[in-house]
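Okay, thanks for having me, everyone.

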Amino acid sequence: MPQTTQAFAVGSRGQDEVNRAVYFSPAVPWYYRRMSMMPAETACLSKYESDWLGRDVLDIGAGTGRTTRFLAPRARRYAAIDYSPVMVRYLKKRMPEIDVRQMDFRDLGAFADGAFDFVLATANVIDALPHPDRMRALAESRRVLRAGGVLAFSAHNLNYKLAFSGPRMRWCWNPVRLASKTVQYAIGSWNHRRIGPLRARTPEYALLNDPGHFYASLHYYAARATVHEQLERSGMRLVDVFDATGRVLAEADDDSENPWLFYVARARPQ
Ligand SMILES: C[S@@+](CC[C@H](N)C(=O)[O-])C[C@H]1O[C@@H](n2cnc3c(N)ncnc32)[C@H](O)[C@@H]1O
């Protein structure tokens with residue numbers, strides 16, 4: 001286990017431990033078999049192509065390398081990090097030519113100030129972090145970006161209409177699918193109850209079970225305005241918000257249908 005991960009658990013032990021148990025599980029790469037890019041990612045990478053194509057890119061929480069396959073051949077420099085030794089081993093084995101390191105979002109100390117033009121943290125990596133660590137991760141992102149560089153990341157949406165819902169059983173007539181749904185519902189319900197004491201609501205954010213991994217992880221949910229304000233505090237300016245379909249959301253648009261949103265911010269000069 002990397003030293004850094006343990007050091008950051010102070011004060012928010014529960015959330016960090018719960019999420020590490022998920023991401024450090026030997027079975028975790030199986031969960032990330034999907035290899036295609038998501039519409040929000042495609043929309044962002046297309047709109048901000050001049051910020052990453054042929055430039056220096058850092059991919060945080062790269063997992064099994066879904067985004068690596070797209071970005072690495074097109075970047076000038078591509079570095080991937082993940083705090084899970086399981087993921088890092090997997091990625092090193094599948095793509096030995098890639099610069100992949102077991103490192104934590106909260107401490108990018110191995111990289112110099114202003115080392116990158118584009119930092120990507122997709123699939124809600126940032127939401128696994130407790131609040132003080134989230135702010136530290138944002139500050140670290142700003143530090144490793146050049147002025148004007150881009151941080152692109154997705155994060156759970158507190159305004160999502162089902163954010164506070166637990167697992168739900170859905171009936172279907174196919175007996176095999178029904179059996180599978182029943183098992184998933186049972187595991188999800190058990191995890192939801194097990195993690196229940198750690199769920200929390202503050203004026204700024206909520207800690208809620210993420211439906212992924214059968215409700216076994218505890219993720220940070222924040223509203224758009226909060227993320228905007230957190231980016232400002234971290235020396236970055238929010239420039240775009242995409243929904244899951246890749247549509248740019250205007251400030252007044254309703255976002256209650258979106259479990260997560262994809263944010264793009266630019267580093268302000270320091
Ligand atoms: C939801 S998965 C996404 C994987 C990949 N980005 C993708 O989209 O397929 C989140 C990944 O972030 C990693 N992760 C979570 N917290 C992290 C942290 N504090 N530092 C680095 N990696 C982290 C997990 O190990 C996992 O591989």
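So, disulfides: a search of the whole structure turns up 0 of them. Keep in mind that this is a predicted model. Where do the cysteines sit, then, buried or exposed? Take two of them. Cysteine 44 is buried, with a relative accessible area of 0%. Cysteine 172 is buried as well, at 12%, and the cut-off for calling a residue buried is under 20%.

Cysteine 44 brings us to helix 4, which runs over residues 39-47. Its buried residues are Ala40, Glu41, Ala43, Cys44 and Leu45. What covers them? Quite a list: it includes helix 5 (49-52) and helix 6 (68-71), plus strands 4 (116-121), 5 (145-157), 9 (236-242) and 10 (260-267).

Now look at helix 7, residues 85-94. Here Pro85, Val86, Met87, Val88 and Leu91 are the buried ones. Their cover includes helix 3 (28-31), helix 6, strand 2 (77-82) and strand 3 (99-102). You'll notice that helix 6 turns up in the cover of helix 4 and in that of helix 7.

On to the ligand. Which residues come nearest to it? There are 18 residues around the ligand, and the nearest are Tyr32, Gly61, Arg66, Asp82 and Phe105. Let's zoom in on backbone atoms. A polar backbone atom of glycine 61 is 2.6 Å from a ligand nitrogen. For phenylalanine 105, a polar backbone atom is 2.9 Å from a nitrogen atom of the ligand, and for tyrosine 83 a backbone N or O atom lies 3.1 Å from one.

One more residue I like is glutamine 230, over in helix 11, residues 224-233. Is this glutamine buried or exposed? It's buried, with a relative accessible area of 1%. Its side chain makes a polar contact with the side chain of glutamate 204, at 3.0 Å. Leaving aside neighbours within four places in sequence, glutamine 230 touches His131, Arg134, Met135, Leu138, Glu204 and Tyr220.

Last thing: how confident is the predictor? The chain averages a pLDDT of 93, and 95% of the residues score at least 70. Residues 1-11 are another story, with pLDDT under 50 throughout. For that stretch, the model has 22 contacts beyond four places in sequence.

Conventions. Residues numbered from 1 in each chain as written. Predicted model: local features only at pLDDT ≥ 70, side-chain atom pairs only at ≥ 80, totals over all residues. Heavy atoms only, no water. Disulfide = S-S within 2.5 Å. Buried < 20%, exposed > 50% of the residue type's maximum accessible area, 1.4 Å probe, protein only. Helix = DSSP H or I, 4+ residues; strand = E, 2+ residues; numbered from the N terminus. Contact = heavy atoms within 4.5 Å. pLDDT = per-residue confidence, 0-100. Near = heavy atom within 4 Å. Polar contact = N/O pair within 3.5 Å; in protein donor to acceptor, adjacent residues only side chain to side chain.
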